Amino acid sequence: MQTRREFLGSAAAGLAAMGFAPLAFAKTPDRPLGVQLYTVRSLMDDVAGTLKAIRKIGYSNVETYVAEYKMSARDLRAAILDAGLTVPSAHFGYEDFNSRLDYAKELGAECVVCSMVPLTIANSADGYKRGADQYNAWGAKAKTMGMKFGFHNHNVEFKEYSGS
């Protein structure tokens, strides 16, 4: 059991720490803040306006996703730069990933991100192994183009399979 003296000492230390809390929360982040544009997908009909609003609230980076790709990479990059943002990463689906690497390069992305293994092969451990092989191939190709490869998982990857 804690003594009264120990309790008062802990309480005093806690109060002192609380005095520094405003300084901790007022600190400017050491890294730029970014947002995946998927989170504002309902606003992306107005690409330029949405990008400018994102910058206005303090973000400096965006990760693109499939809805914006109806624009050419050149036009999307111009809209992003015009808003005062950068695009360090671009998110693509598995099915058309390979055909989007040139788009990502023209967009100026440093990293290309692929989302989940498609459900058509994500039904066994072997399917995931095939997906991993594909990711490794895309990663190697991205590297030759001066980009990095990333994987964006979802909940389906945590399913257990017998014999895995």
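This is a predicted model: local features need pLDDT of at least 70, side-chain atom pairs count only at pLDDT 80 or more; totals for chains, interfaces and linings use all residues.

Trainee: Which strands pair with strand 3, and in what sense?

Mentor: Pairing is read from the bridges between two strands. Strand 2 (residues 61-64) pairs with strand 3 in the parallel sense over 3 bridges, and E63 stands opposite S89. Strand 3 is also joined to strand 4 (residues 111-115) by 4 bridges, again running parallel; there A90 stands opposite V112.

Trainee: What kind of unit do strand 3, helix 4 and strand 4 make?

Mentor: For such a crossover, one follows the path from strand to helix to strand. Here strand 3, helix 4 (residues 101-107) and strand 4 form a β-α-β unit that is right-handed.

Trainee: How should I read the nonpolar core, and which residues have the most contacts inside it?

Mentor: In soluble globular proteins, nonpolar side chains tend to be buried together. In this model the largest nonpolar core has 39 residues, and those with the most contacts inside it are L37, L51, V62, I80, F92, L107 and V112. At least two residues of this core come from each of helix 2 (47-56), helix 3 (73-82), strand 3, helix 4, strand 4 and helix 5 (125-144). Helix 5 gives the most, with 5 residues. As for L107, its contacts beyond four places in sequence are T64, A73, L76, R77, I80, V87 and A90.

Trainee: Which residues of helix 3 are buried, and which exposed residues does the opposite face carry?

Mentor: The buried residues of helix 3 are A73, L76, A79 and I80. Viewed down the axis of helix 3, its buried residues fall within an arc of 130 degrees, so they line one face of the helix. The face turned away from that buried side carries R74 and D82, which are exposed. The cover over the buried residues of helix 3 includes helix 2, strand 2, strand 3 and helix 4. After helix 3 comes G84, with a positive phi near 85 degrees.

Trainee: Are C111 and C114 buried or exposed, and how many disulfides are there?

Mentor: A disulfide is a covalent bond between the sulfur atoms of two cysteines. With a cut-off of 2.5 Å between the sulfur atoms, the count is 0 disulfides. Burial is a separate matter: C111 counts as buried because its relative accessibility is 19%, under the limit of 20%. C114, at 0% relative accessibility, is likewise buried.

Notes:
Residues are numbered from 1 along each chain as its sequence is written. Side-chain values use heavy atoms; hydrogens and water are left out. Buried means under 20% relative accessible area, exposed over 50%, partly exposed in between (1.4 Å probe, protein chains only). Two strands pair if DSSP finds at least two bridges between them. A crossover is right-handed if, with the strands pointing away from the viewer, the path from the first strand over the helix to the second runs clockwise. A nonpolar core is a set of buried Ala, Val, Leu, Ile, Met, Phe, Trp, Tyr and Cys residues joined through side-chain atoms within 4.5 Å. Contact means heavy atoms within 4.5 Å. The arc is that of the directions from the helix axis to the C-beta atoms.
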